[in-house]
Amino acid sequence: MQSATLLKLLKMPAAACGLAWATWAAPVHAQATETLTEWDIQVQPVPSRIVAEAQARFEKANPQVKVVRSAILNDPYKTKIKIAFGANEPPCVFSSWGGGPLREYVRAGQVTDLSPYLAKDEAFRERFVASSFDTAKTDGKTYGVPAENTSLLVIYYNTELFAKLKLQPPKTWPELLQAVETLKANGVAPFALANKSKWPGSMFYMYLVDRIGGAEVFRKAADRAPGGSFADPAFVEAGKRLQELVKAGAFAQGFNGLDYDIGSSRRLLYSGKAAMTLMGSWEGATIKNENPEFSKKLDFFAFPSLPGGKSATGVVGTVGDNFYSISKACKQPDLAFNLIKAMVDDTSVQARLADNRIVPIKGLKVTEPNQQRLMAMLADSKSVQLWYDQDLPPKLGELHKDLVQSLFALSVTPEEAAQKMETAAKAELH
Amino acid sequence: MTSSSISLALPVARRRRHLAARWAPVFFLAPSVALLLLFLLYPLLESFHLSLLKWNGLGANGIFTGTDNWVQLLHDTVFWHALGNNLLLGLMSVLVQLPIAMALALMLDKASRGSRILKILYFLPLLFSSVAVGVVFKNILDPNFGPINAGLHALGLDALAQDWLGDKRYALGSVIAVICWQNVPFYMILFLAGLASFPPELHEAATLDRATPATIFWRIKMPHLQGTIRTAAMLSVIGSLRYFDLIYVMTGGGPDGSSEVMATYMYRTVFASFQLGYGSTIASAMFLVVTLIAGFGMRLTRRFETQV
């Protein structure tokens, strides 16, 4: 198309620069005749170093290859990778969260099917927990390798506050409401929530649906399986329970306007103004880095069960947070696959473990007690529900987050929200 | 012989110069025109073209759906709500920013000594990046830790302490207030420049005639500044229609869509929902709205000028 020619035109100066660079750099990398581009979001010092070191090992083993890496901040990454694919100029190896957005690239014919590679390399595939590939699958084919972490949603709480008010971590919904009541009566906001970004609020809704209807209810609705519907009573009930919490005053003031990215919810915890927060298990490490003193008072418990609910142990989260995939535009997919293997080799996995991140590898020896508890939760659970906004196609994922924010604002009824989601799903999913 | 050759040579030289004079503008303008075509006209036409497609912006081209996106836009309550917010923002900008800017400009114009420091001080908000301003004000407006609510509580005005960004009744108003704070300096400078061109003799003559400061302002300075004020009003309305950055940082268009403007809606549609076709429709509609209002405003201004 026209835009392609335009792009070529725009790239000419860039190409010229690249050429100049190549000529200048030639003596340094005399043997490197091939380059592999790689984009990821590991910008924090330790995670970034782990990826860089893995790539250095790969380059040492393959002296003819030079890896050109870009580590990009989380949100800009989402925009950048989309534009790169739109312009048909994606990197060779790229990271994603699997699910809906990755599926968009797959359906556009821009991602390499990794199933043949995995079939050929049984030993490599067998290292991983089988279910860890699930979110990177489309139509039975695998498009990504889980590499960075296992993240589960849990409720973090201030043990000191709980002890002072003689509270126990609630196991059931009525117990949770009781705790909310007690905390409020003592001038403490029960939950810190920063829902400007919408995904933190969505976490409550996802757990409620999972507890009430089990994992199948979402799966069936998302896959448009017989009987599956986003207007299913479980979704409506989840909306009701969510608004029950809002009406009970369970959230610190300002929740729909607070920004997670600038630490608004954690600040409420640190100051003792709020007692709990529902967040991914990365939050433990974040708090440890941000406020080591407070981190000593921190503990977590599983989302409570609901009366009459179908599931008490299901978890929301992701096994294999961050998948590495290969684009179709990559001219050396075999080399790229070897690069991915290097990025998930034993050295990298151990280094991540030391950094409190658990790559979904079988038989990984987890010694840190909190990590062990998380792993036990995962082992007890029959299912892992990926974030809806990553599981669904982007358009529906956005609608889901918008609707949940409206539920929190009490400006839509649970029935309306469920119906709107179902109407959109009918139009969007086939 | 020599004379004849000269007589022949002259017209040739003149013709050549004539030719050069005729083509010179073309040569000089060609690079800018080419750039304009490439970076202004082409993307414009391309986005209109994209607005006719159903496309997620990836790989193979989208499906041509004709005017489907435009029909959808006409029925899209979110878009109309966003447009309404843009218009409200424009109105508030004119009604709030311009009078404050004018007051500051008059004050600075009068206070000749020491006014340079004040000028710089008042100008500062415009120099900060919108992202930084957004983050700072998110903290200032924070209902739990922000100084505004803390101040209100300290004064015993608990009822006035609100959830400024998280409550859909106040979010848009809060954002508009910050936008005004950030943009007032720009119009202040504009008015100061206008006032600087005000002939001092006029002022002296008026004082000799014992005109009160109010009379001088309303009868002499205001008419003198009319053109500047109209320009400022136009700029602020057009700027408001295209507004994006501060709102994106402070509320992301939320909560619950309450502070959504056309540009934030377009961004979300293209980059979060992967709807490049429909997002382009929103962008094109934005272009049409701005062009329409700007054209209308300019006509109105011109009529005013011929009347005055």
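**Exercise 1. Determine where A:Asn88 is found in chain A and whether A:Asn88 is buried, partly exposed or exposed.**

Solution. A:Asn88 is found in the loop between helix 3 (74–86) and strand 3 (93–96) of chain A. Helices (H or I, at least four residues) and strands (E, at least two) are DSSP runs, numbered from the N terminus. The structure is a predicted model, in which local features need pLDDT of at least 70 and side-chain atom pairs count only at pLDDT 80 or more, while totals for chains, interfaces and linings use all residues. Residues are numbered from 1 along each chain as its sequence is written, chains are lettered from A and ligands numbered from 1 in the order in which they are written, and side-chain values use heavy atoms, leaving out hydrogens and water.

Next, exposure is considered. Buried means under 20% relative accessible area, exposed over 50%, and partly exposed in between (1.4 Å probe, protein chains only). A:Asn88 has 48% relative accessibility and therefore counts as partly exposed.

Finally, the backbone is examined. Phi of A:Asn88 is near 60°, a positive value in a residue other than glycine. Most residues other than glycine have a negative phi.

**Exercise 2. Describe the place, phi and burial of A:Lys198.**

Solution. A:Lys198 sits in the loop between strand 7 (189–191) and helix 9 of chain A. Phi of A:Lys198 is near 70°, again a positive value in a residue other than glycine. Its relative accessibility is 11%, so A:Lys198 counts as buried.

**Exercise 3. State which residues A:Thr138 touches, not counting residues up to four places away in sequence.**

Solution. A:Thr138 belongs to strand 4 (residues 137–138) of chain A. With 6% relative accessibility, A:Thr138 counts as buried. Contact means heavy atoms within 4.5 Å. On that basis, A:Thr138 touches A:Arg103, A:Val106, A:Arg107 and A:Tyr143, with residues up to four places away in sequence not counted.

**Exercise 4. Identify the peptide bond from B:Gly254 to B:Pro255 as cis or trans, and locate B:Pro255.**

Solution. The bond from B:Gly254 to B:Pro255 is cis, with omega near -10°. Most peptide bonds are trans. B:Pro255 has its place in the loop between helix 10 (245–250) and helix 11 (262–272) of chain B.
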